Amino acid sequence: MKRETGAFAFFLVLAIALTWPLVLHLDTAVPDRGDPLFVAFVLDWVCHALTHAPLELYNPPIFHPGLYPLAYSENMIAIALVVLPLHLLGVAVLTKYNIALLLGLAFAGYGAWVLARVVTRNNVASLIAGIFFAFGSFKIAHIQHAHIIWSGWLPLILAALLIYWRRGEKKHAAMLAAAFVMNGLTNVYWLLFGGVALLAAIGVLAIADPRRERVFWTRLFVALFVAGLVLLPFLLPYQAVANEYGVRRTTGEASAGSASWISWLVPSSRSAIYGDLADPALHLDERELFPGVLILFLAIYALCTRPNVATGFSRSSPGPAKAGPYVVVAIIVFAILTWLTVVHDRITIGRFSFAGSDVPAMILVALLIALFMPRLRAAARTSRFTPEELAAAVWIVAGFIASLGWNAFLHPFLFRVIEAFRATRTPARWAVIVYAGLAVWAAMGAAALLERTKRRRAMAALLLVLAVVEVWPKLKWVHVDASPAPVYRWLAKERPGAVVELPMLAEGVPFEYLIASTMHRVPLINGTSGWEPPSHQFLREKETKLEYDDAFLRALIENGCTTVIVHEARMTPEQRSAVAPLLARLEPLQRFGSDAVFRIPRAPAGNASAPRESPPR
């Protein structure tokens, strides 16, 4: 226990050092004025709902009257549980967010440390793995996304699987189920990607180190089934939203979020060592995935220096399985289909039309694996690498292929055949699976290097220093005044009903409205998230065109809006001029400096000759 506590404390101190001086400004500092404020709002709302109205968890006071607005993005329930004691103590919203961020960095490092130590049994090498996994380029690029930083459950899932595979005990199956649940309650992306990676690891272990006991497999699948049942109530609102609004990511959206081969050579612009080396044009959002030179060196060192006790594909290894003519024909057919769909995208033969290479490519891969299974099994069992190391390796390979999204075949296949994957728009985030596997192999390389040197302490210190230096970021913090404006104090006291704040889209204001709502919790027509309901989109587009007309007002009324707050200082002269006729039809209530409050009359005067544009519901 002391060792685990010490490891977590090490990563927490490192998180504070690498994000300095964040710890001195927990109540005001954020990486930017956008997504961090949204994440802070979600964490605060989930804490509030868990302690006041658990059944209203998915109904935060935004996007009124939309269905389950929390399900428009990540629910972050597991992170909220961590900061729940702070919420009960009345800790400020941004302070909770920043503490969650620091704890997430530390926990990511700790999770990778546990996994690497399970495989290598080397503390120092495992610390290096944790440093890389928690603070590598991909993570620093997402420093504003606490739900992405909180990725420590992924390596813990693999660690729990490996321990269960060794011992097969109930408590280790329960540990795997618990890690799977907490991962799913942290990030839906991590749930989907981690679930596929877990199945891949089980497949590799079943080939390299088969377990035939019925009780072993029963415990494993019962544990995962129970984990799925626990997660189900938290996932059903996402399905309800998808059914209600037809929410599906398009292939165009997901394709835009796909990494390319070059993405894996691009470091985060926030990297102090590598950030300025890449062409600025290559610093694309979500696609700065370069792991770092040291980590790649250690992983390659592990690959190249392991004693070649046995070679997998030796002359004595069995050949391919005997394939009937139908299997051979199927392989040829799907190889041709794969090639044709890569070259032409869509092929049409008579009435048969097919687009995309993902399905034929996956079927081709499955057929080839089945064909060469005897040789693969022999290679895995005689490999110079352990089954656990091979399981980590398959995370690297599968994660890398999937991160390429529409530049490869794995993620498009999952997107096509598994409905839940159609909610994802950023295949590049599969990089976290690569990082988890690569952390293990980096630890293997570090352990091998330490074993081969006489001055182990000096080498250990050098590797730790180099690891920290390589991930050192250059972060800029902006400060947000989260103290409530007078208009929000009035709103909290009077609670006049559903409110719309204008302007809806001025720079940064949607996020500021969310932070303010943590104080008053009055239903807002406004909102910002990973998706928006049609009613909000209608109002937003009307405002963009400066059309504060009858249709705009009718949409507000039909959505239950009773109060309009106009932040005049945040509006352009054109917006103030365009909104004036609308405000003339409303009842003035209060004025707080440049913030004016209006009531919508129950039967506002309308222009009978105006065209009746129907707002969506």
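In what order do the four strands of the open sheet lie? The order is β5-β6-β8-β7, and the pairing is mixed. Strands here are DSSP runs of E of at least two residues, and helices are runs of H or I of at least four, numbered from the N terminus; two strands pair if DSSP finds at least two bridges between them.

Before I continue, please note that this is a predicted model, in which local features need pLDDT of at least 70, side-chain atom pairs count only at pLDDT 80 or more, and totals for chains, interfaces and linings use all residues. Residues are numbered from 1 along each chain as its sequence is written, and side-chain values use heavy atoms, with hydrogens and water left out.

To return to the sheet, β5 (498-502) and β7 (587-592) are its edge strands, each pairing on one side only. β5 runs parallel to β6 (residues 561-567), with five bridges between them. Within that pairing, V499 has T563 of β6 as its bridge partner.

I turn now to the second largest pocket. A pocket is an open set of points on a 1 Å grid over the protein atoms alone, where a 1.4 Å probe fits, with protein on both sides within 12 Å along at least five of seven lines; lining residues have an atom within 4 Å of a point. Its volume, the space filled by probe spheres set on points joined across faces, edges and corners, is about 1,200 Å³. The lining has 34 residues, and V204, A393, V394, V397 and A398 are the closest to the pocket centre. Helix α17 (387-403) is among the elements giving two or more residues to this lining, and the largest share, seven residues, comes from α17.
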